[in-house]
Structure formats: C-alpha cells, structure tokens
Amino acid sequence: MGQVKKDSRETFLFAAWATSILAIFGSLYFSEIRQYEPCLLCWYQRILMYPFALILGIAVVKKDYRISLYTMAMSAVGALISIYHYSLQKVPFMADNAVTCGRVPCTGQYINWLGFITIPFLALSAFIIIFTLSLIIWKKTKEAE
C-alpha cells in the first residue's frame, strides 16, 4: 500500500507549538513553583509568548501555514525584548545605566546556569526557535503556491 507523505510544514508547525508550550511551562515553573517574581520585561516576554500556545495550537489542528507570517512578527518582537533584557543583565554598561522597571529589577538574575543562561536567555532561545520554524514554514508555503 502507498504511504501518504506528511507535509514537513506540519512537523515544523507542531515543533513551534511545542516550543511555546515548553516556554510557558518553564515560565510558570519559575514563577509559581520557584516563586521568582517576574520583572516588567519578563511580563512583556510572557505577553508575547503565551498567545503562541493558542494560535499555533489552532494552526496545527487546521494545518494553517499562513499563520507563520504572524508568528514570525511576534517572535521577532519578543526576541528583541529578550535581547534587551539579557543585555541589561550581562553587559555592565547597560546594567549600570538601566532604569528601574518595577518592584523587581530587570537586571536581577534568578538563575545563571553555566555563567550565561538566564531566564531572558531561555525566552530568547524559544523566540528564535519559533521564528526560525515560522520562517521555514513561510518559505515552504511560498514555494507551494
């Protein structure tokens, strides 16, 4: 019997959704279980990450690859916020000139694994993965048209 070839875009879309779910559970672990209070920039990153679970989940079910344009835009904005936040933590000039951003300073590092992995770094990694997967889906969709 002939096998139906699975569209690789479906796999990439599912991987982007899975990345968003992992990022959400990671952020909830740090805030709800470890009791790390998020700073203002962490909240902005969450505001951009959390909708991915819903919109990518719906896109996976409906096999709607056009969503990739929107997820690229949202993940690019999230990545820029994460880069700025990470810079506040790791670049001395940025940290010294950082404005106060609420009860919890944005320069604080609840975790510092291997000397460079902080929570904004983890968020940046998720945004980059989602952006890259969305870009691949978008290119493959353009080729299919």
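Predicted model: local features only at pLDDT ≥ 70, side-chain atom pairs only at ≥ 80, totals over all residues.
Reader: How many salt bridges does the structure hold?

Author: A salt bridge is a side-chain nitrogen of Lys or Arg within 4 Å of a carboxyl oxygen of Asp or Glu. The structure holds four. One of them joins Arg9 to Asp7, at 2.7 Å from N to O. In another, the closest N and O atoms of Asp64 and Arg66 are 3.3 Å apart.

Reader: Which salt bridge links distant parts of the chain?

Author: Glu10 and Lys63 meet in a salt bridge of 3.5 Å, N to O. This pair links distant parts of the chain, 53 residues apart: Glu10 is in helix α1 (residues 8–33), whereas Lys63 is in the loop between α2 (40–62) and α3 (68–90). Helices here are DSSP runs (H or I, at least four residues), numbered from the N terminus.

Reader: Is Arg9 buried or exposed?

Author: Buried means under 20% relative accessible area, exposed over 50%, and partly exposed in between (1.4 Å probe, protein chains only). Arg9 has 14% relative accessibility and therefore counts as buried, while Asp7, at 27%, counts as partly exposed. Glu10 is partly exposed at 22%, and Lys63 is partly exposed at 42%. Arg66, with a relative accessible area of 62%, is exposed.

Reader: How is a pair of aromatic rings described?

Author: The description uses the distance of the centres and the angle of the planes. Rings of Phe, Tyr and Trp (its six-membered ring) pair if their centres lie within 6.5 Å; planes under 30 degrees apart count as stacked, over 60 as edge-to-face and the rest as tilted. By this rule there are eight aromatic pairs. Phe52 and Phe127 form an edge-to-face pair, with 6.5 Å between centres and 65° between planes. That pair links helix α2, which holds Phe52, to helix α5, which holds Phe127, across 75 residues. Both Phe52 and Phe127 are buried. Tyr86 and Phe121 form a tilted pair, 5.5 Å centre to centre and 50° between the planes. Because Tyr86 lies in helix α3 and Phe121 in helix α5, the pair ties together parts 35 residues apart in sequence.

Reader: Which residues do ring pairs link into a cluster?

Author: The cluster consists of Tyr29, Phe30, Tyr36, Tyr110 and Trp113.

Reader: What lines the largest pocket?

Author: On a 1 Å grid over the protein atoms alone, a pocket is an open set of points where a 1.4 Å probe fits, with protein on both sides within 12 Å along at least five of seven lines; lining residues have an atom within 4 Å of a point. The largest pocket has a volume of about 470 Å³, a volume being the space filled by probe spheres set on the points, which are joined across faces, edges and corners. Its lining has 25 residues, of which Ala23, Ser27, Ile119, Leu122 and Ala123 lie nearest the centre. Helices α1, α2 and α5 (119–144) each give two or more residues to this lining, and α5 gives the largest share, eight residues.

Methods. Residues numbered from 1 in each chain as written. Heavy atoms only, no water.
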